[in-house]
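Thanks for coming. I will take one structure today and walk through a few parts of it.

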Amino acid sequence: MEIADHLELLGVTLSADLNFGRFIHSKAQVVSVDGCKIKLNDGNEIPNFAFGTYSLKTPTQSIGRAIEAGYRLIDTAALYANEEEIGKGIRDVIERGIVTRAELFISGKLPNSNHSKEQVIPALKLSLRKLGLEYLDMYLIHTPMATTGEGENICLDYVETWREMETAQKLGLARSIGVSNFNSKQINRILTLCDIPPAVNEIEVNPTYPNLALVAFCKVNNIAVMAYSPFGYMVPRRIDLEDFSPPRFDDPYLVKLANKYGKKTSQIAMRYLIDRNLIPIPRSDNPTHIQENIDVYDFKLTTKEISTINTYDINTKVYEFGFLRNNVFYSFYQS
Ligand SMILES: NC(=O)c1ccc[n+]([C@@H]2O[C@H](COP(=O)([O-])OP(=O)(O)OC[C@H]3O[C@@H](n4cnc5c(N)ncnc54)[C@H](OP(=O)(O)O)[C@@H]3O)[C@@H](O)[C@H]2O)c1
């Protein structure tokens, strides 16, 4: 089934005009894309391409290279334990006059161990201090699964956490607020019980985990999707896959597309996400990869090509957060 068919099932029709990156949806509640930015449900705009910062080997230098290459959205998290280095990289490029703070879109995440009402604002302020920023453009609940500081699972309803996220936005500490790793049922509870809908859900989406149902749910609810681990199992991962040999960068169909568009297969993977109106978050310390990954705005995949890549689904996430599996709010049991 093609992606357009999936959207049709949900009552959404999609048409693309001839300008790259511009899409028009027939229903007002669907996220609209204009050029390289996506309009969020709170009226703010988010760049449609991000730089990932988890486990960067040289965070300060890599952030500098990324911003020089054109990345404007930086995906950070307290959990990644590199906010100071990231902040230094951001300050360096601003001091060198490459960008202003206003041109950047810095996103952060609330750790699982800080979900209680009293902890949310202090955790956000701590991230701001480490990053050396006065505000975040986006603050996300990293996962719906709360833990103690020692990582023990606790039963703490993310709805309570979300109400404090709403306070953070009202205080101007975060201009937009959202969630990460939430399933559709959990988002529905927030939509039903709270005042402000999440602007973003950051979830795993890549050629080997297309996540069609959850992406479609977010779209119809006007929630933008940031796509983490955008290369899926196309790049080597720590987890061995015994039952699958997923397509790698030398996959014949991806090579055929790369030759057709005069691009690399890694760039086909990025465009696959952009052309689904998602926001890829590639991570790299390699200067050539940093450049290449964002050099994808001079071509566009067809609906048929996107559908073919969707068939690479091996229904296996790169990040399953197995250590949180016993949490009452473990989210990956359903889309
Ligand atoms: N919200 C969440 O719970 C969550 C979970 C996971 C990830 N994330 C976010 O998503 C970001 C990306 O996910 P990820 O860290 O799993 O990584 P990813 O971007 O899917 O893959 C990174 C790996 O791909 C390699 N790579 C990058 N570009 C390449 C290219 N053009 N050709 C060949 N290899 C390439 C990198 O190596 P080189 O350095 O050598 O290029 C690195 O080994 C994270 O950094 C984080 O910001 C969020």
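Start with a pair of strands: β11, residues 200-204, and β12 run parallel and are joined by 5 bridges. Within that pairing, Val200 has Ala224 of β12 as its bridge partner. Before going further, please keep in mind that this is a predicted model.

The two strands also belong to a unit with a helix. β11, helix α7 at residues 212-220, and β12 form a β-α-β unit, and its hand is right-handed.

β12 has another neighbour to mention. Strand β13, residues 279-280, runs parallel to β12, with 2 bridges between them. Here Met226 is paired with Ile279 of β13.

Tyr228 brings us to the ligand. Tyr228 is among the residues that come nearest to the ligand, along with Gly52, Tyr54, Arg283 and Ser284, out of 25 around it. By type, that shell has 9 nonpolar, 11 polar and 5 charged residues. Helix α10, residues 287-294, gives the largest share of the shell, 3 residues.

Last, Ile274, which sits in helix α9, residues 265-274. Is Ile274 buried or exposed? Ile274 counts as buried because 22 other C-beta atoms lie within 10 Å, and the cut-off is 20 or more. Leaving out residues up to four places away in sequence, Ile274 touches Asn48, Pro280 and Val296. The C-alpha atom of Ile274 is also 7.9 Å from that of Phe49, although the two are 225 residues apart along the chain.

Technical notes: Residues numbered from 1 in each chain as written. Predicted model: local features only at pLDDT ≥ 70, side-chain atom pairs only at ≥ 80, totals over all residues. Near = placed C-beta within 6 Å. Helix = DSSP H or I, 4+ residues; strand = E, 2+ residues; numbered from the N terminus. Nonpolar A, V, L, I, M, F, W, Y, C, P; charged D, E, K, R; others polar. Buried ≥ 20, exposed ≤ 12 C-beta atoms within 10 Å, placed from the backbone. Contact = placed C-beta atoms within 7 Å. Pairing = 2+ DSSP bridges. Right-handed = clockwise from strand over helix to strand, strands pointing away.
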